[in-house]
Amino acid sequence: QALSEIEGMGERGGNLQEMRVRPLAKRRVDMHGFCNPSSFQRSPYLSARGNFASIFQGSSEEGYKAYHADKYDEDKNPNGIINFGTSENKLCFDLMSKRLTQADMNVIDPPLLQYPDWKGHLFLREEVARFLTYYCKAPAPLKAENVIVLNGCGSLFSALATVLCDPGEAVLIATPFYGGITQSVFLYGNVKLVYVYLDSKITGTSTRPFQLTVEKLEKALQDARAEGVTVRALILLNPQNPLGDIYSLSELRDYLEFAKRHELHVIVDEIYMLSVFDESATFHSVLGMDRLPDPQRTHVMWGITKDFAVSGIRFGTLYTENQDVANAVASLCYFHGVCGPVQHKVAQLLRDRDWINQVYLRANHARLKAAHTFVTDELKTLGVPFLNRNAGFFVWIDFRKYLKTGTFEEELLLWKRFLDNKVLLSCGKAFECGEPGWFRIIFADKTHRLQLGMQRIRKVLEEREQEILAEEKEQPCQSDQDGKADSTDEVIFVSRHQEPTCASSSSLGDLIGLLQQQMRSSDWLQKNTAEQFA
């Protein structure tokens, strides 16, 4: 439907700002959420799909273009853009570069330079099966025949969308979610996304902000069916990007049972499973469950990109017991294969269990935890609410109090203001968040970049705070809380992923952070400065 509307519009000479693209029938989200329609001219050299692909970009694409044109470099370009937008681990280059250049890695046998089995070389699939058996705590050894290797999890999303859904059918996914899935599933696979909108309020069966519940899944599914949309699958991200949530075993079982009732496939993306950096948090893999409710419709993805800090090496793997799905995905591996020498390196890496456990994971978790602590301490000092989680490379931040009107247009203006001040963040709209004002920051970076980036963020927020105070003085009748953060602020400061939050469980540091926030949101500090006292 979206493509045909573009085609027809091009013939009429219209522009994209006049149309509404609806990945889900009757969806009330316009094209500005994921495209840049400004000054669009239909190219006579492209198909309707080609024209659509050429403009399929949001604020994230604009930000990355600016970043690549003006990258921060401590020596060569100290005034360049610091990238807190791309989910990469920049803390372990020393460890990985040393390991990937050791003698056992540098092997070029003839079979590595020839076409492999499209599922991946058998030696690699066997190593992946052993690796996942160990780290996912599988109750029985996993099998190499159920492993398929592709060049990244984005390719896996595209392949699975293609083999599980016909064009125009849909998959279910909770928002906010990693925006690259939209490109893989919708743009490439021509499969719709049905959104399960989560919000920050603690209501009903929710015990934490942005909590996914079966009730919310049921409602989104029934709404889609009422609109005539066929839903074939559910996507789960665990740990969740951008929230950092880790699903409990009971939650996972509830989601899988829901999918079984409705005969939905479940695609579980566990790409951050080894990036849980705090001992208080426990990750549970779907592959570690004693019994899967519907094993023939459960498909688990993992890759080395995040957990091993090598986003430039494209490697993702799928584990599925359904051989029909495995064979169908394997038939697409011709387009998404991993070169032989890289397959050898990955197999060597995965089998080096002692180095992984004793050297890499210990150092990586310690570095992630230190970087996370630095950024969250800065946010507490600023009085900015955030989700306090222990997995992934990101913090989900509540900047709603810096939006006067609480709209996505204002969110985009704040995002551009950060970019103008040479720091790239990701705004909530890029993750299809339903509430304007939420941002994701990547903290897995070196200390000097974190310090400078947070200084730049602080500058923007302080300027914006002063502007809002000035506007409120001109319009004193408005409530201070209009469009601002709601009563979840306290929960967001102190919540953990496992337990419902209550005031009695708050730590001293969390309470201090809350008090700092309340002080900062008051205008007393602005009215009673040291200069005025002097």
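Which residue in E6 is the bridge partner of leucine 234? I looked this up in the predicted model and found valine 266.

**Entry 1: strand E6 and its neighbours**

I began with the pairing of E5 and E6. These two strands run in the parallel sense and share five bridges. I then followed the chain from E5 to E6; the path leads through helix H9 (residues 249–261), and the β-α-β crossover is right-handed.

On the other pairing, I noted that strand E6 (residues 265–269) is joined to strand E7 (residues 298–303) by four bridges, again with a parallel run. I checked two positions there. Histidine 299 in E7 stands opposite isoleucine 267, and methionine 301 in E7 stands opposite aspartate 269.

I next asked which way the residues of E6 point. His265, Ile267 and Asp269 point one way, whereas Val266 and Val268 point the other way. All of them are buried, and I therefore recorded E6 as mostly covered, with five of its five residues under the 20% limit for buried.

**Entry 2: the sheet as a whole**

I traced the strand order as E2-E8-E7-E6-E5-E3-E4, an open sheet of seven strands with mixed pairing. Strand E2 (147–150) and E4 are the edge strands, each pairing on one side only. From one strand to the next, I noted an average twist of 25°.

Which helices did I find lying across E7? Helix H6 (residues 153–164) lies across E2, strand E5 (231–237), E6, E7 and strand E8 (316–320), and runs at about 160° to E7. Helix H10 (residues 323–330) lies across E2, E6, E7 and E8, and runs at about 155° to E8.

**Entry 3: aromatic pairs**

I recorded a count of 24 aromatic pairs.

I found both phenylalanine 210 and tryptophan 396 to be buried.

One aromatic cluster is formed by Phe131, Tyr134, Tyr135, Trp302, Phe308, Trp355 and Tyr360.

**Entry 4: charges over rings**

I looked up which side chain lies over the face of tyrosine 134. Arginine 353 does, at 4.4 Å from the ring centre. A further case is lysine 429, which lies over the face of phenylalanine 408 at 4.8 Å from the ring centre.

**Entry 5: glutamine 348**

I located glutamine 348 in helix H11 (residues 340–351). Its relative accessible area is 13%, so I recorded glutamine 348 as buried. What does glutamine 348 touch, not counting residues up to four places away in sequence? I listed Arg99, Asp104 and Met105 as the residues that glutamine 348 touches on that basis.

Conventions:
Residues numbered from 1 in each chain as written. Predicted model: local features only at pLDDT ≥ 70, side-chain atom pairs only at ≥ 80, totals over all residues. Heavy atoms only, no water. Phe/Tyr/Trp six-rings, centres within 6.5 Å; stacked < 30°, edge-to-face > 60°. Buried < 20%, exposed > 50% of the residue type's maximum accessible area, 1.4 Å probe, protein only. Lys NZ or Arg CZ within 6 Å of the ring centre and 35° of its normal. Pairing = 2+ DSSP bridges. Axes fitted to C-alpha atoms, helices over the stretch in contact; angles between N-to-C directions. Contact = heavy atoms within 4.5 Å. Right-handed = clockwise from strand over helix to strand, strands pointing away.
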